[in-house]
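Keep the sequence and the view at hand as you read.

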Amino acid sequence: MVHGKYKVPYTDLAGQYRKLKKDIFAAMEKVFASGDFILRDEVRCFEKAMASFLGVDYIIGVNSGTDALYLSLLTAGIHHGDEVITVSHTFVATVAVIIHCGALPVFVDISKDYNMDTSQIENAITPRTRAIIAVHLNGRLCNMDKISELAKKHHLIVIEDAAQALGASFKGKQAGSFGLTGCFSVHPLKNLSAAGDGGFISTNNKDLAEKITLLRNHGQKSKEELLYFGFNSRLDNLQAAILNVKLPYLDGWIKRRRAVAQMYHHRLSEISQLHIPAFSEETHYDVYSSYVIRAEKRDRLAEYLRKNGIEVFIHWPCALHLQKNLNLCRCSLPETEKASKEVLSLPINAEIEDKQVNFTADCIYNFYKYK
Ligand SMILES: *Cc1c(COP(=O)(O)O)cnc(C)c1O
């Protein structure tokens with residue numbers, strides 16, 4: 001079905017909604033009829049279901065993926081003067097939260113699969129290094145064996161930015177189950193989405209889970225007793241109710257994304273001007289929250305596809321360390337810088353039809369004049 005401006009929209013949340021409308025309505029009706037808007041049964045039910053999905057002990061719903069990262073760093077004790085190793089090829093929130101803690105982001109370059117090049121981590125470690133934020137980009141996990149091993153050796157905390165990796169795994173272990181915490185987002189562009197902002201934190205650490213649970217709700221242990229100055233960072237009960245409707249479908253949606261990725265791989269692999277994201281899955285299970293190709297004449301290809309009714313995005317055209325208003329390090333990250341000039345995210349979602357995938361592939365063929 002064709003909606004809005006694009007023949008092939010990047011996401012089709014309206015299409016997803018049409019399929020779930022009855023159940024979403026019933027869930028919302030229950031919340032409105034009971035007036036249960038803040039931290040009620042739906043939030044607890046979601047936290048329990050998600051803990052079982054990920055195979056972790058604790059899930060704490062918060063108001064965004066950004067706050068999931070921020071509360072994780074805060075409770076891990078990251079503060080002024082600390083250094084946190086991460087990548088520049090990520091969404092700005094990963095780095096913003098390091099700055100908000102008063103710490104210094106230290107960047108390592110990426111590998112061909114767009115994730116942290118773990119062979120560069122050790123060089124980036126100094127006496128001030130306290131943590132590594134491993135960003136699992138585009139639905140593929142970082143090499144968590146290597147990161148966990150280095151973290152252990154150098155006594156570093158690992159925080160996983162798993163905002164794009166819900167349901168992905170490494171050696172059979174889910175994203176968000178490796179680090180001190182895993183940080184997730186249910187923003188509408190993520191694999192599992194709320195009707196607006198939301199997020200959650202996964203952890204197996206009981207003390208940390210308790211502290212984050214208090215911090216997200218103003219540090220109130222009870223109405224009588226305040227333990228900390230906290231935050232207003234709760235996952236809305238209404239959002240949790242919607243997530244509870246959607247969660248049972250997540251595995252199926254991921255399977256469809258993987259099938260779409262296979263179709264793209266198949267159709268695009270012979271175009272020599274492209275690199276496709278068909279990475280080894282010997283140790284990985286990728287969920288393709290984005291399908292990112294590297295393309296010659298990227299900007300012209302993007303324009304051509306949009307003109308043909310295909311909605312594409314560039315994540316991201318300028319690496320964070322080169323954003324001049326942010327005053328980050330003047331380091332050189334060749335692979336990151338090269339990627340930002342070549343990456344292009346093609347439409348992928350659980351609702352996309354085969355013929356839309358084929359049409360997108362046909363247009364890419366035509367652009368490079370393969371036919
Ligand atoms: C989406 C995203 C975030 C932030 O999540 P929000 O819920 O939008 O705050 C952080 N890191 C990465 C890699 C993301 O993709």
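Phe-184 and Phe-200 are both buried. They belong to a predicted model. Their ring centres lie 4.7 Å apart and their planes meet at 10 degrees, so the pair counts as stacked. Phe-184 sits in strand S8, residues 181-185. Phe-200 sits in strand S9, residues 199-203. The pair therefore ties together parts that are 16 residues apart in sequence. In total, the structure holds 12 aromatic pairs.

Two rings have a charged residue over the face. Lys-173 lies over Phe-178, at 4.9 Å from the ring centre. Arg-267 lies over Tyr-365, at 5.6 Å from the ring centre.

**The ligand**

Which residues come nearest to the ligand? Of the 15 residues around it, they are Gly-65, Thr-66, Asp-161, Ser-185 and Lys-190.

| Side chain | Distance from its polar atom to a ligand oxygen |
|---|---|
| Ser-185 | 2.6 Å |
| Lys-190 | 2.6 Å |

**The cysteines**

How many disulfides does a search of the whole structure find? It finds 1. Cys-329 and Cys-331 form a disulfide, with their sulfur atoms 2.2 Å apart. Cys-329 has a relative accessibility of 27%, so it counts as partly exposed. Cys-331 is also partly exposed, with a relative accessible area of 26%. Cys-101 is in no disulfide. The nearest cysteine sulfur to Cys-101 is that of Cys-183, 11 Å away. Is Cys-101 buried or exposed? Its relative accessible area is 9%, and the limit for buried is under 20%, so Cys-101 is buried. Cys-45 reaches 42% relative accessibility and counts as partly exposed.

Cys-142 lies in the loop between strand S4 (129-135) and helix H6 (144-154). Cys-142 is buried, with a relative accessible area of 1%. What does Cys-142 touch, leaving aside residues up to four places away in sequence? Its contacts are Asn-115, Met-116, Ala-134, Val-135, His-136, Ile-147, Phe-170 and His-284. Asp-207 is 65 residues from Cys-142 along the chain, and their C-alpha atoms are separated by 26 Å.

**Backbone features in loops**

Where does a cis peptide bond occur? It joins His-315 and Trp-316, with omega at about 5 degrees. Trp-316 is in the loop between helix H10 (298-307) and helix H11 (334-342).

Leu-39 has a positive phi, near 45 degrees, although it is not glycine. Leu-39 is placed in the loop between helix H1 (13-34) and helix H2 (41-54).

Tyr-288 is another non-glycine residue with a positive phi, near 50 degrees. The loop that holds Tyr-288 runs between strand S11 (284-285) and strand S12 (291-295). Tyr-288 has a relative accessibility of 5%, so it counts as buried.

Conventions: Residues numbered from 1 in each chain as written. Predicted model: local features only at pLDDT ≥ 70, side-chain atom pairs only at ≥ 80, totals over all residues. Heavy atoms only, no water. Helix = DSSP H or I, 4+ residues; strand = E, 2+ residues; numbered from the N terminus. Buried < 20%, exposed > 50% of the residue type's maximum accessible area, 1.4 Å probe, protein only. Contact = heavy atoms within 4.5 Å. Disulfide = S-S within 2.5 Å. Phe/Tyr/Trp six-rings, centres within 6.5 Å; stacked < 30°, edge-to-face > 60°. Lys NZ or Arg CZ within 6 Å of the ring centre and 35° of its normal. Near = heavy atom within 4 Å. Polar contact = N/O pair within 3.5 Å; in protein donor to acceptor, adjacent residues only side chain to side chain.
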